[in-house]
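Student: I would like to go through this model one point at a time. Please show the sequence and structure.

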Amino acid sequence: MTYYELIFKLHHDCPYNDFSKRFPSAVVSHWWNWSRDVLEIASRELPNVKVKEGIREMIKGIGSKIIQTPRSTSSTHVVIQHCACDKLPPPTLPTIEKRNCLNLQPMVYTGGWEWYRVAAFSDRDIKTLFKDFEKDCIVEVTSRRSISEESVHNSLLVSTGSLLGGLTSKQTRAVMTALDNGYYNLPRDASAEEIARRLGIPRTSFVDHLRKAENKVMQAMGSYLRLQLAEPIGPRRREPTLDGSRPK
């Protein structure tokens, strides 16, 4: 059986999207169940009074009750509230469930768009899902790929935080600039020196940020790679010795 992983974004009027459009530097990550919502709002402008007021207006517009606001860093604000998914116009999550699809949390709101990562189990479900959304939303699919039944646990459950959470802003910028300029293409479209010149920094600084970022990502990927290479549980096959005989 083949499954599908879809990444898409949609635009419609709701308090989360309105907030992210009003404050473009903000990224709202949203986890939920039918009892609780957790909103993590990250923005370099959070110390700004207008941004804090915007958060209060967003929560008020949702019409749910705040349960807790844990202490956060100066650039991150966390809100735990009663679930308000069914109060958002249109109710996107019930639509995803109605069409037999699995929403892979979190949802992300930024720049006036909300982003979803969804597992679907048939082409028919995909078509009806987007047909439903297009009645009320502007929808853009950015990625669709097939997933074999054997690889679902490896393909759908990788934490981006575990892979990318250790990167600094300079390291993240170095990697993204390298990607955007074709540094990782074969053959390369731009050298490290050319990219550093575009960034207006010394080549040594760019390479240092890039190498540190690559090292962190590869170290974090190690555990996932080991899972991919792990042998199935069962008797271990005995390898022949150098003279061709089997070990006892």
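Student: Is Tyr 4 buried or exposed?
Tutor: This is a predicted model, in which local features need pLDDT of at least 70, side-chain atom pairs count only at pLDDT 80 or more, and totals for chains, interfaces and linings use all residues. Residues are numbered from 1 along each chain as its sequence is written, and side-chain values use heavy atoms, with hydrogens and water left out. Buried means under 20% relative accessible area and exposed over 50%, with partly exposed in between (1.4 Å probe, protein chains only). Tyr 4 has 13% relative accessibility, so Tyr 4 counts as buried.

Student: In which strand is the place of Tyr 4?
Tutor: Strands (E, at least two residues) and helices (H or I, at least four) are DSSP runs, numbered from the N terminus. Tyr 4 lies within residues 2-11, which form strand β1.

Student: What separation do the C-alpha atoms of Tyr 4 and Ser 122 have?
Tutor: Ser 122 is among the residues in contact with Tyr 4, where contact means heavy atoms within 4.5 Å. Along the chain the two are 118 residues apart, yet their C-alpha atoms are separated by 7.6 Å.

Student: Which residues of helix α8 are buried?
Tutor: Helix α8 covers residues 192-199, and its buried residues are Ala 192, Ile 195 and Ala 196. They span an arc of only 100° around the axis, so they sit on the same side of α8; the arc is that of the directions from the helix axis to the C-beta atoms.

Note on methods. Lists of a residue's contacts leave out its neighbours within four places in sequence.
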